[in-house]
Amino acid sequence: MQRKILNCILRTSKSILYKGFNLNSIRIGLKMIASGTHANFGSWISPITSEIIASKSLSFTDIHIDNGIIYWIESRPNEKGRSVIVSYHQNGTYQDETPEEFSIGTSVHGYGGGAFFVRDQQLYFSNSKDGIVYHKNLKSNVIKPITEYFEGRFADFHADPRHEYLYCIRKDDSKKSQFPPTEIVQISLQSKKTTVLFTGSDFYSSPTISPNGTKISWLQWDHPNMPWDATELWIADVNLQGIISNKKRISIESKQSFYQPTWSSKNELFVSSDITGFWNIYKVTDSKLENIYTREADFGRPMWISGTRCFDFIDENKIISSYCEKGIWKTGVIHINEKSFSEVSNSLTCIYNIVAKNNCVAFFGGSETLPLAVILSNYESIQKTKVLRNSIGDIFQKDFISLPELIEFPTRDDQVAYAFYYKPKNPNYSYSDDQLPPLIVKVHGGPTANADFMFNPKVQYYTSRGFAYLEVNYRGSTGYGRNYREQLKGQWGIRDVEDCIDAALYLCNNNKVDKNKLIIAGSSSGGLTVLSSLAFHNIYKCGSCTYGIADLIAMTEHIHKFEAYYDQGLIGGSVEKEREKYFNRSPLNFANNIKSPIIFFHGDKDVVVHVSQTNKIVNELNKNKIYNEVYIFEGEGHGFKKAESIITSLNKELEFFKSLLS
């Protein structure tokens, strides 16, 4: 009977779950299904493999519209993480605009972003391989450098309307300083001469030229602030020769975080500010902010990377925007003159970067069933969307997709925090009500970041194998306003740890998961939460730590400029004044308390969290004879880009979890 079923499936291509399905997996699965659909949680056979996730998964940064053509950057794991500018044309064709010798990217501020700009069929981009800025004439397809070799990096580009000058941020590494200066520069497109316009502040962002070319606006901030703590909005005049004058700061009456200064077609400046506790959009009038619409939602994001956008103009009176409420992103239109708002029903729950031009609206978006994708709409029917590029392709059957559930759970100090919960799901298996699955508690990085309410193939990799999965937006996460974001101030390593535990116990108390099979996983600052949870608490069976922080004191010695003072706000003072706090919050110093096995992953080129952080904690675990596995990936930085690294980390992590749960 089994052989008949197998032959039937092999003859019927429609029965194969996805392209490239391993036939051995089908045979094994058929044996299990034929003998019964009951199997232990965590042991289920799934068509969602690490190879498919790695080979198909694209990541997107930066998106622009010009002349009706959509341009974006996509990073390709199967090309060793090379980033390419791709264009989509209205006739339905796609084109790689940058050849193989280029990889588009920049390391300004440490995390990149804002690596290209296009206007009037003139494309400007930064090549990560040499740091040089290039110009491509999209009419002739000729590519030429517009800067000489410089020991530094450029980002956040914006050309003046006449294409005489290119304005951008420059990080100057020529002085070999731990904290290299950043500045706004002007590049002459004729002479290749680079002129420093603004310098002296620790950071600059978002240099933007008005449509008539007579104004420039930008953001700047200084240590110890992060850009979501406090930034300054500035404006100045620009003449035909590119000379800057009448530099002026806008709205100085209170501390606030500005985001995305943007000029309308009428040469009026708009900006997002969180002066009320949420990032809302304002019009700049007479050096003051004029409210156009107020909502307890974030029309902005923390500026970890350059060039992000949450709004743009459909016309002189309408702004298309993305905004976040309780961690879920939505789309809406602000009517400026009427100071009114209308929601756009497009079923999307996560949106990154939104641009509008030439009757097109384009953005990166996703939903519970749609992985992050490049999406196109138009002014007349904004609610209707077209997927131009799916980050992982249409390879998953809906029967295997576990949908997220928003949960609000009580914390131990009588507050409320948030998480997204995914049940195990695989149509080939069933289980009785008295069976409870293991739970993976996933801690996002940042920590000033967030988990997205959106299809994530790595989540489905586990839920389709019988794991429950919980992504926690602990206090300190974004998308819930400034007050929620700042509840981690002085409490890093404590409140994030406790919120993750409280979220897991909330599910245990509601008989959703097995309290004896709790797993914690996280990367970067999430790795600190993982290690702290294991060092200071005893509820997790095991942990997975990816380029995580173990020693906060040593972190301050290797830290890059962007985050040089980040720890002070999160811990509650400098390491010089609060050394005891840094010591007591460092899991390395309490490694003898760790009894649970841990698996580690790190890149040897990581400049954000040095690989020595992993080596140190592993040495301590080895002294205490605590089982651990360590995988150091050659050539990888803070975030794995190569397909082989992604495959290895997923496979080894799964094997590790299964071995400890069996």
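Guide: Glu-74, Arg-76, Glu-79, Arg-82, Asp-96 and Arg-389 are joined in a network of salt bridges, where a salt bridge is a side-chain nitrogen of Lys or Arg within 4 Å of a carboxyl oxygen of Asp or Glu. This is a predicted model, in which local features need pLDDT of at least 70 and side-chain atom pairs count only at pLDDT 80 or more, while totals for chains, interfaces and linings use all residues. Residues are numbered from 1 along each chain as its sequence is written, and side-chain values use heavy atoms, with hydrogens and water left out.

Visitor: How many salt bridges does the structure hold?
Guide: The structure holds 30 salt bridges. One of them brings together the side chains of Glu-79 and Arg-76, at 3.2 Å from N to O.

Visitor: And is Arg-76 buried or exposed?
Guide: Arg-76 counts as buried, at 9% relative accessibility, whereas Glu-79 is partly exposed, with a relative accessible area of 32%. Here buried means under 20% relative accessible area, exposed means over 50%, and partly exposed lies in between, with a 1.4 Å probe and protein chains only.

Visitor: What does Arg-482 meet in a salt bridge?
Guide: The side chain of Arg-482 meets that of Asp-274 in a salt bridge, 2.9 Å from N to O. This pair links distant parts of the chain, since Arg-482 belongs to helix α5 (residues 482-485) and Asp-274 to the loop between β18 and β19, 208 residues apart. The helices (H or I, at least four residues) and strands (E, at least two) are DSSP runs, numbered from the N terminus.

Visitor: Are those two buried or exposed?
Guide: Arg-482 is buried, with a relative accessible area of 13%, and Asp-274 is buried as well, with a value of 2%. Arg-482 also forms a salt bridge with Glu-486, with the closest N and O atoms 2.6 Å apart, and Glu-486 counts as partly exposed at 28% relative accessibility.

Visitor: You mentioned β18 and β19, so how do they pair?
Guide: Strand β18 (residues 269-273) and strand β19 (residues 280-285) pair in the antiparallel sense over 4 bridges, and two strands are said to pair if DSSP finds at least two bridges between them. Within this pairing, Ser-272 stands opposite Ile-281 in β19.

Visitor: Which sheet do they sit in?
Guide: They belong to an open sheet of 4 strands, in the order β17-β18-β19-β20, with antiparallel pairing. β17 and β20 (288-291) stand at the edges with a single partner strand each, so one side of each is left without a neighbour in the sheet. From one strand to the next the twist averages 35°, where axes are lines fitted to C-alpha atoms, for helices over the stretch in contact, and angles run from 0 to 180 degrees between N-to-C directions.

Visitor: Changing topic, how much space lies in the second largest pocket?
Guide: About 940 Å³ of space lies in the second largest pocket. Of the 41 residues that line this pocket, Phe-117, His-158, Thr-262, Arg-309 and Asp-312 are the closest to its centre. On a 1 Å grid over the protein atoms alone, a pocket is an open set of points with protein on both sides within 12 Å along at least five of seven lines, a cavity is a set where a 1.4 Å probe fits but cannot get out, and lining residues have an atom within 4 Å of a point. Grid points are joined across faces, edges and corners, and a volume is the space filled by probe spheres set on the points.

Visitor: Which element gives the largest share of that lining?
Guide: The largest share of the lining of the second largest pocket comes from β17, with 5 residues. By class, the lining has 20 nonpolar, 12 polar and 9 charged residues; Ala, Val, Leu, Ile, Met, Phe, Trp, Tyr, Cys and Pro count as nonpolar, Asp, Glu, Lys and Arg as charged, and the others, Gly among them, as polar.

Visitor: And how many cavities are there of 30 Å³ or more?
Guide: The count comes to 3 cavities of 30 Å³ or more. The largest cavity holds about 60 Å³ of space, and the residues that line it include Trp-279, Asp-298 and Arg-301.
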